[in-house]
Amino acid sequence: MTENKKKSVGIMAMLRGIDFLPLILAYIILCVFFSITSPFFLSFKNFMNVFLNAAIMGIMTLSTTMVLSAGKIDFSGGSVIAFGSCLMGVMLRGGINIWPSILACMAACVITGVYNGVMIAYVGLSPFIATLAGMQMFRGFAYLMTNARSITVSDDVLKFVGRKYTAGVPNAVILLVILMLIFVWIMNRTTFGRRTLVIGGNEKVAFLCGINVKRHILKVYMLHGCIVGIATVVYTGQLGASLPSAAQNLNFQSISACVLGGISLSGGKGSVVGGVIGAMLIATLNNGMTMLELNAYWQDVVYGFVLIFAVTMDIIKTRSAAKRATK
């Protein structure tokens with residue numbers, strides 16, 4: 001009996017340690033609700049569509065989780081996608097091969113990460129100001145490159161990544177799963193991941209431990225830029241066009257997904273899997289509201305409420321943890 005009690009206590013402690021467990025329960029309730037209200041929701045084809053729509057946001061949450069875990073934030077992700085996509089579109093329209101175009105897109109997105117990292121780590125700007133300025137600049141570059149016009153993009157490589165299926169599963173979802181496993185390994189099994197969490201917990205302690213905080217933050221933002229570059233390729237493939245107005249709300253949605261998944265805005269902790277589940281919940285919410293033919297403006301209201309709810313829950317958890325620590 002004693003051993004069984006110990007096992008039960010251990011299981012309960014493990015479950016309490018999973019920050020995104022309530023999110024899983026909320027996701028199940030949401031699926032049940034939409035299954036009752038719409039006869040088309042509960043189908044394999046529809047869930048594959050949900051997964052496909054969640055793939056881009058899910059990819060972005062991977063590196064956003066790392067940025068938030070370091071105690072930083074990035075509001076420029078959506079604008080970077082528009083910038084990288086438009087650069088790729090302009091190059092393809094000019095007759096340049098797809099692979100140099102993709103490499104240029106990836107390089108441009110990494111450079112945006114260098115900008116954010118340098119402004120925050122070395123210049124000393126707050127992440128809010130630096131990335132908000134970047135959000136405006138990168139979007140402006142996208143409009144300048146395209147003269148505020150969309151560019152139709154039709155390439156087999158982009159179609160394969162963004163729209164095609166393998167064994168009934170979207171290739172974008174397969175890519176998301178592969179990247180998620182890599183980031184789980186980085187955050188949990190590597191020195192880089194552990195240093196990121198230490199910096200997010202307390203930068204002064206991290207510095208005293210011998211970590212080059214500035215250089216590490218720069219690397220985090222560069223990695224974030226690289227992942228946003230991958231998301232840009234998938235996004236362009238799905239859309240079939242390069243739009244300077246693309247992905248306007250995606251950065252806020254990815255942050256909301258991360259916070260819903262248990263990642264703290266104050267840094268020092270984060271779950272890659274939780275962020276992806278948060279992206280799934282937001283994509284499912286979008287799919288269900290569309291099926292219910294909810295007015296698009298009301299959908300914006302719901303997204304705003306989700307963001308407020310996520311941040312409020314993070315504040316409550318942070319305060320509760322601080323109270324427990326002082327006892």
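Of the 327 residues of the chain, 47% count as buried. The model is a predicted one, and its chain contains 14 helices and four strands. For 327 residues, a compact globule would have a radius of gyration near 20 Å, and the value of 20 Å found for the chain agrees with this. Along the principal axes, the C-alpha atoms fill a box of roughly 70 × 55 × 35 Å. Among contacts in the chain with a separation of 6 or more, 79% are made by residues 24 or more positions apart. The accessible surface of the chain amounts to about 16300 Å², and carbon and sulfur atoms account for 68% of that area.

Helix H4 covers residues 77-93. At 1.5 Å a residue, its 17 residues should span 24 Å, in agreement with the 24 Å between its end C-alpha atoms. Since 14 of the 17 residues of H4 are buried, the helix is largely enclosed by the rest of the structure. Just after H4, Gly 95 adopts a positive phi of about 90 degrees.

The count of salt bridges comes to one. This salt bridge is formed by Glu 203 and Lys 72, whose closest N and O atoms are 2.5 Å apart. The pair links distant parts of the chain, 131 residues apart: Glu 203 belongs to helix H10 (residues 203-208), whereas Lys 72 lies in the loop between helix H3 (44-69) and H4. Glu 203 has a relative accessible area of 32% and is therefore partly exposed. Lys 72, at 13% relative accessibility, falls under the 20% limit and so counts as buried.

Notes. Residues are numbered from 1 along each chain as its sequence is written. This is a predicted model: local features need pLDDT of at least 70, side-chain atom pairs count only at pLDDT 80 or more; totals for chains, interfaces and linings use all residues. Side-chain values use heavy atoms; hydrogens and water are left out. Helices (H or I, at least four residues) and strands (E, at least two) are DSSP runs, numbered from the N terminus. The expected span of a helix is 1.5 Å times one less than its number of residues. Buried means under 20% relative accessible area, exposed over 50%, partly exposed in between (1.4 Å probe, protein chains only). A salt bridge is a side-chain nitrogen of Lys or Arg within 4 Å of a carboxyl oxygen of Asp or Glu. The radius of gyration is taken over C-alpha atoms; the globule rule is 2.2 Å times the number of residues to the power 0.38. Contact means heavy atoms within 4.5 Å. Accessible areas come from the Shrake-Rupley method with a 1.4 Å probe; for residues, only the protein chains shown count as cover.
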